[in-house]
Amino acid sequence: MKCRKCGATAAINMRQHKLALCADHFLEWVPEQTQRFVEKYKMFTLEDKILVAVSGGKDSLSLWDILNRLGYHADGLYIGLGIDGRRSPSGEGIGYSDESHRLAEAFAAERGLTLRVVEVEQTYGATIPELAVISNRGRDKPCSVCGLNKRYIMNRAAHDGGYTVLATGHNLDDEAAVLMQNTMNWAGGYLVRQAPVLEATQPGLARKVKPLCRFYEREMAAYAIVRGLDYIYDECPHAVGSTTIYYKEVLNQMEEHRPGAKLQFYLSFLQAKEQGLFALKPGDAELHACDKCGQPTTAPGPEGCSFCRLWDKVRAVKGARLPASAAITDPVEA
Ligand SMILES: [Zn+2]
Ligand SMILES: [Zn+2]
């Protein structure tokens, strides 16, 4: 297989695009495509102050790398979840969160970029796995409380830090899997909100964008490897057996038989939405400031938003403190 641009030996063959490229041309193609999507979906401009949510994985580090290469002003946000994973029962080895934190810090330091860090345990008083045990008595995986915490902290960090946009590294495989799950359930409220750009329609809400939403996971893995990025290979240990991974496997089987199936599924959805197939019901997106923390929420009353209610419960059980402010540490300047 030869590179379409220069005829050298191809490093990647993308059947879905009928395109094979050598390493150098692939490393040029990814930021070019990213820039195209940024413009097509009107995500941000060079004037924007972007906060990139960085997990230490291939997608988020690649995204930060690409935005930096394209000349955007992009700081990173790392959220320490306190997930152990790889540590043996005797406590040996380095945990999943420690390792992803180390990789995010190293990435920022090597490039002179700014990384903001929020450690959930230090800031709020418990790790995510502890929080899951207290809030649902260990019956379920910690993924739902983890998602709630990440969304809250990301929004708050972006808003309080004066960023105009929050960028996450979701790739096409992530988006298509969520889309399939929501379609199987006809979850209209979720479908209407799934998009490359979520506008900040209410005060206190950060504008959210997904610049990698049209890249296959395989393309992002290839980018991170060819570019020599040092990222955490392991998925979060709690993601094993998740519904999202199941739908990713189903979609991979479809893709195997019909290259481009995933991309078509996602793009046809965006087109259908543009044509008005999914509509927001009146009152659907009505948010107000939480009585306790001031962050936007749909939850009424003095009990506060779901984040505040969760942490109140934890505080009652554990006696953990919940500071009223200072969710973000000072940025670590490299
Ligand atoms: Zn080439
Ligand atoms: Zn609240």
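How are the donor residues of the zinc ion (ligand 2) spaced in sequence?

A: The donor residues of the zinc ion (ligand 2) follow the spacing C-x2-C-x11-C-x2-C. The model is predicted, so local features need pLDDT of at least 70 and side-chain atom pairs count only at pLDDT 80 or more, while totals for chains, interfaces and linings use all residues. Residues are numbered from 1 along each chain as its sequence is written, chains are lettered from A and ligands numbered from 1 in the order in which they are written, and side-chain values use heavy atoms, leaving out hydrogens and water.

The protein donors (N, O and S atoms within 2.8 Å of the metal, or 3.2 Å for Na, K and Ca; as water is not among the atoms, sites may look incomplete) are the SG atoms of Cys 290, Cys 293, Cys 305 and Cys 308, at 2.3 to 2.4 Å from the zinc ion (ligand 2). The arrangement is tetrahedral because the four donor atoms subtend angles of 106 to 116°; for four donors, this term requires all angles to lie between 85 and 135 degrees. The ideal angle for four tetrahedral donors is 109.5 degrees.

Cys 290 lies in the loop between strand 9 (288–289) and strand 10 (296–297), and Cys 308 in helix 12 (residues 306–318), so the pair ties together parts 18 residues apart in sequence. Helices (H or I, at least four residues) and strands (E, at least two) are DSSP runs, numbered from the N terminus. Both Cys 290 and Cys 308 are buried, that is, under 20% relative accessible area, with exposed meaning over 50% and partly exposed in between (1.4 Å probe, protein chains only).

The domain division gives the wider setting. An automatic or database domain assignment supplies the bounds, and the protein chain is divided into domain 1 (32–279) and domain 2 (287–328). Their contact (heavy atoms within 4.5 Å) takes 25 residues from domain 1 and 22 residues from domain 2. About 2,200 Å² is buried between the two domains, with carbon and sulfur atoms giving 65% of this area. Tyr 124, Ile 134 and Tyr 152 supply 30% of the area that domain 1 buries against domain 2, more than any other three residues. Buried area is the accessible area (1.4 Å probe) that two parts lose on being put together, summed over both. Between the centres of domain 1 and domain 2, taken over C-alpha atoms, the separation is 23 Å.

Technical notes: Four donors count as tetrahedral if all angles lie between 85 and 135 degrees; four count as square planar and six as octahedral if opposite donors are over 155 degrees apart and all others between 65 and 115; anything else is irregular.
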